[in-house]
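Look over the sequence and the model first, then read the points below.

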Amino acid sequence: MIFRCVNLRAGAKLFLSVTFTFLFLTIFIGKDLRAQEAKDMFGVCAACHTIGKGKLVGPDLKGVSARHEEAWLIKFIQNSQAMVLSGDETAVKLFNENNKIPMPPNDFTDEQVRSLLSYIENYVEEPAGEETAGSFADSKVAEHKKLETSHAPTKDRSRNYFSLILISICAILLSLSDLFILKMIRWKVVHIIIMLAAVFVMGGIVVVEIQNLGRQQYYSPEQPIAFSHKIHAGQNKIDCQYCHTTAEESKHAGIPSVQLCMNCHNVVKSGSQTGTTEIAKIYEALESGKPIEWIKVHNVPDHVYFNHAQHVNVGKLECQQCHGKVEEMDQIVQESTLGMGWCIECHRTTEVQFTTNDFYKNYTKLHEELNTGKRSRIVVEDIGGNDCQKCHY
Amino acid sequence: METRKRYSLILLGALAIGMLGLSSCNHDPNHPGWAYMPDMYYSEPSNAYSENVVFRDSMSNQLPVQGTIPRGYMPFPYKQKSYDDQILAGVELENPIINNDKNLERGKKQYEIYCSNCHGLSGDGKGYLFTSGLFPAKPTSLIGDVVQNKPDGEIFHIITVGSLSGLMGAHGSQIQPDDRWKIINYLRTLLAKK
């Protein structure tokens with residue numbers, strides 16, 4: 001009997017604990033689910049509002065439940081415009097305070113709005129997000145360093161030149177001193193050969209450098225803002241022409257105005273590499289009206305005519321063909337020589353869209369030759385692309 | 001005496017060549033390098049975007065004189081960020097672009113450059129900048145009723161001066177008026193594709 005009693009009691013205990021756990025779990029998970037739902041719902045609000053991060057388009061929502069009554073809030077969130085039109089004093093005041101930008105109606109139920117409000121009330125900033133951002137930034141820095149080394153050949157080359165020239169000078173001086181003073185090596189041919197080789201090496205370097213006079217390959221100046229094409233064009237996949245808008249219509253590809261930066265940076269205020277320091281320079285320029293003095297990297301001499309529209313719009317070239325893999329550069333480097341040989345080589349090999357572009361209809365002779373099979377293709381050179389006066393006039 | 005003179009001459013020559021070589025290998029990435037006899041190398045007239053001593057704001061690029069209208073350019077008479085003007089533009093502006101394949105293709109191309117970053121390739125508002133979490137605000141779905149029910153002129157107003165909320169910036173300086181209409185024509189086809 002006692003045994004049964006104990007058993008019963010134990011059973012009741014078990015039953016009770018199971019039900020409580022179950023109840024607890026349902027409440028807890030339910031709460032969690034609702035919180036998750038509220039978080040998703042707030043994604044819509046986040047377009048215009050922040051919690052504790054200041055005014056965006058609409059007011060900061062921190063402590064919003066304290067500022068207004070719940071019933072009023074529910075009504076306002078569901079359809080603010082209706083309230084403004086009905087002449088609700090607080091609603092009209094808010095509408096006017098926020099530049100008369102209407103808040104679109106939301107089809108949330110009363111219950112949903114309540115959970116949304118409690119989400120806003122209990123909102124704490126997630127430190128986890130920052131942590132990931134930090135490690136993200138670290139990985140970016142590491143990548144940045146990797147990139148720096150990958151673009152090092154410029155520096156390496158000059159260092160090689162420097163040591164080569166030093167070695168050559170030393171060799172010449174040594175052989176000269178041996179020739180006239182020490183006289184350790186009997187055969188004068190050795191001295192002469194060493195000196196000739198050294199002069200040959202130095203002469204070679206001089207010739208290469210003279211050929212590069214007036215060219216700026218590997219020119220990579222530091223810009224007033226550490227703008228990274230790698231982040232914008234590579235990581236964020238923004239089209240080149242989004243910012244360089246006139247590449248299709250103008251001689252110049254165009255440098256974006258500060259207002260254009262603000263298309264994204266009105267909201268994006270902190271970068272992954274430099275935080276807020278570099279982006280703050282845009283706001284500074286916008287406020288002061290002083291233009292940002294970007295440094296032009298790709299220059300051709302004034303006696304060369306180059307037109308972006310002709311190459312981008314008509315020739316349908318990819319930007320990367322001349323500018324290199326810009327989407328992998330943190331700081332822009334001139335990869336091509338932009339020399340005349342480089343231009344001509346491309347004009348000799350690049351095919352023209354001869355049959356599809358009506359502009360070339362007038363070249364009747366070439367069309368005839370193409371049709372009879374005398375020519376298999378038309379390259380830029382065939383239509384006068386390599387005539388002197390095409391680029392020099 | 002004779003040998004010493006010859007010795008010093010040869011040494012001088014070697015040093016001169018060495019110095020010439022050394023001076024030419026200054027590869028400072030901040031320096032554009034040297035030009036040899038730079039005739040017609042640097043431009044005498046002001047280049048685009050250059051500094052200019054003539055103008056008070058020291059910029060070569062100047063805005064058109066106030067009150068003048070460039071040829072082939074239609075002024076945009078509507079106010080920015082004004083709900084009333086946006087509605088008015090919707091009533092008054094008419095889409096002048098014929099809906100043919102060529103124009104749609106152009107619209108598609110322009111849409112992919114200027115709009116798809118945020119609004120997504122299919123127009124569902126899930127562009128890469130939003131889905132990757134880089135841009136915190138959710139872009140409007142362009143295939144939703146809100147946008148599709150707007151008249152062309154209203155969308156044109158939004159593209160030109162930006163959205164009322166200010167989250168979408170003005171794209172009038174980036175997209176030519178004709179291209180804006182072509183983008184709108186392309187938008188209308190997105191709904192059918194869905």
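## An open helix, and the two chains

Helix α17 (residues 364–372) of chain A lies largely in the open, because 0 of its 9 residues are buried. A residue is buried if 20 or more other C-beta atoms, placed from the backbone, lie within 10 Å of its own; it is exposed if 12 or fewer do, and partly exposed in between. Helices here are DSSP runs (H or I, at least four residues), strands are runs of E of at least two, and both are numbered from the N terminus. After α17(A) comes A:Gly373, whose phi is positive, near 90°.

This is a predicted model: local features need pLDDT of at least 70, side-chain atom pairs count only at pLDDT 80 or more, and totals for chains, interfaces and linings use all residues. Residues are numbered from 1 along each chain as its sequence is written, while chains are lettered from A and ligands numbered from 1 in the order in which they are written.

**Chain A overall**

- Chain A holds 18 helices and 0 strands.
- Of its 393 residues, 15% are buried.
- Contacts are pairs of residues whose C-beta atoms, placed from the backbone, lie within 7 Å. In chain A, 65% of the contacts with a separation of 6 or more join residues 24 or more positions apart.
- Four stretches are assigned: domain 1 (2–121), domain 2 (152–211), domain 3 (222–331) and domain 4 (339–393). Their bounds come from an automatic or database domain assignment.
- The centres of domain 2 and domain 4 of chain A, taken over C-alpha atoms, are 47 Å apart.

**Helix packing in chain A: α12 with α13**

- Helix α12 (residues 258–265) packs on helix α13 (residues 277–288) at about 130°, with axes 10 Å apart. α12(A) is therefore oblique to α13(A).
- Axes are lines fitted to C-alpha atoms, for helices over the stretch in contact, and angles run from 0 to 180 degrees between N-to-C directions.
- Under 35 degrees counts as roughly parallel, over 145 as roughly antiparallel, 65 to 115 as roughly perpendicular, and the rest as oblique.
- A:Val258, A:Cys261, A:Met262 and A:His265 of α12(A) meet A:Ile279, A:Ile282, A:Ala285 and A:Leu286 of α13(A). The residues of this contact are 7 nonpolar, 1 polar and no charged.
- Nonpolar covers Ala, Val, Leu, Ile, Met, Phe, Trp, Tyr, Cys and Pro; charged covers Asp, Glu, Lys and Arg; the others, Gly among them, are polar.

**Helix packing in chain A: α3 with α6**

- Helix α3 (residues 70–78) and helix α6 (residues 110–121) pack at about 110°, with axes 10 Å apart. α3(A) is therefore roughly perpendicular to α6(A).
- From α3(A), A:Glu70, A:Leu73, A:Ile74, A:Ile77 and A:Gln78 meet A:Asp110, A:Val113 and A:Leu117 of α6(A). This contact has 5 nonpolar, 1 polar and 2 charged residues.

**Chain B**

- Chain B has 8 helices and 0 strands.
- Of its 194 residues, 29% count as buried.
- B:Glu51 sits in the loop between α1 and α2 (83–92) of chain B. B:Glu51 counts as exposed because it has 12 C-beta neighbours inside 10 Å.
- B:Glu51 and B:Asn61 are 10 residues apart in sequence and 8.8 Å apart in space, C-alpha to C-alpha.

**Where the chains meet**

- The contact takes 59 residues from chain A and 46 residues from chain B.
- On the side of chain B, α1(B) gives the most, with 11 residues.
- That side divides into 30 nonpolar, 14 polar and 2 charged residues.

Notes: Two residues are in contact if their C-beta atoms, placed from the backbone, lie within 7 Å.
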